[in-house]
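Let's take a walk through this protein together. Have a look at it first, and then we'll go through a few of its parts.

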Amino acid sequence: MSMFRNHKIRVAAFVLFLATATRGNVNHDGNVGGGGTAAVLASPTAPGSVSIHSSSLSVEGVHLPDSHVLDGVMLQRNGHGIRSINFFGFEIKAYVAGLYTEVSVNSEEDVLSYLDSGSPMIFDCTFLKSVGQGRVTSAWEQQLEYSVTHRYDHYEKDRDRFIGMFGPIKAYGKEMMQLIGDETVVYDQGQRKGSIPGRDFQRAFLSMWFGEKAVADDLKWGLLGELNSNSKMKLAVVEA
């Protein structure tokens, strides 16, 4: 059953990120031309707004700032990674993700302890291909169903509301989740779409990326800043 679910997710991801693929022309500064769109963040004067510091890293043409300031708190890039799907020997790069925290987190336990401390967190994904509405919805449904390990009484209601906040996305468009206090605030391509209240949903969301059935192990360790750790690489070899 587990193998069947993994296959379904790979097939859905393949359709989502390959069948609708259109890429813009990316400049060296990470801006997009030729039909793409640059990520536009919230106004610096708005509650929950993010200001970006200029120093950054470029991954697949995606601009990853070294730090963000969220509600007056300096958040450093904890780690980053690329979500790649292996489909019958073909590697498809879907999106670049980044995690921003006030202090370093290097394990699932660190992430949950950080969450309980009440410090803010930013998680963002910049898509490398354009994706239509139906496929965006399907991808979130499939991944949440498979990877979330923290469930609670009204989880399904929160999950459906969360999925409904995301629309079609252009190449190099960004989806951003801000965890502030006990709220999960969603931005889709620079527009604030709403929030999900409650620490339970935050734990559910984080379990998708850092739990036992994480979206992808290499992405998980990349976000935790451990992708190049010899100990993690050795562990992955042993577990394989």
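Predicted model: local features only at pLDDT ≥ 70, side-chain atom pairs only at ≥ 80, totals over all residues.

The protein has 7 helices along with 12 strands. It counts 240 residues, and 46% of them are buried. How do the contacts run along the sequence? Take those between residues at least 6 apart in sequence: 60% of them join residues at least 24 apart.

Now for the helices. Two packed helices are described by the angle between their axes and the distance between the axes. Start with helix α3, residues 133-147, and helix α4, residues 155-163: they pack at an angle of about 150°, and their axes are 10 Å apart. An angle over 145 degrees counts as roughly antiparallel, so that's the label α3 and α4 get. The crossing of α3 past α4 is right-handed. On the α3 side, Thr137, Trp140, Glu141, Leu144 and Glu145 meet Tyr155, Arg159, Phe162 and Ile163 of α4. Sorted by class, this contact has 5 nonpolar, 1 polar and 3 charged residues.

Helix α4 also packs with helix α5, residues 199-210, this time at an angle of about 70° with the axes 11 Å apart. Angles from 65 to 115 degrees count as roughly perpendicular, so α4 and α5 fall in that group. Here, too, α4 passes α5 in a right-handed crossing. From α4 come Tyr155, Asp158, Arg159 and Phe162, while α5 brings Phe201, Ala204 and Phe205. That contact divides into 5 nonpolar, no polar and 2 charged residues.

Key:
Residues numbered from 1 in each chain as written. Heavy atoms only, no water. Axes fitted to C-alpha atoms, helices over the stretch in contact; angles between N-to-C directions. Helix = DSSP H or I, 4+ residues; strand = E, 2+ residues; numbered from the N terminus. Parallel < 35°, antiparallel > 145°, perpendicular 65-115°, else oblique. Left-handed = near helix turned anticlockwise from the far one by under 90°. Contact = heavy atoms within 4.5 Å. Nonpolar A, V, L, I, M, F, W, Y, C, P; charged D, E, K, R; others polar. Buried < 20%, exposed > 50% of the residue type's maximum accessible area, 1.4 Å probe, protein only.
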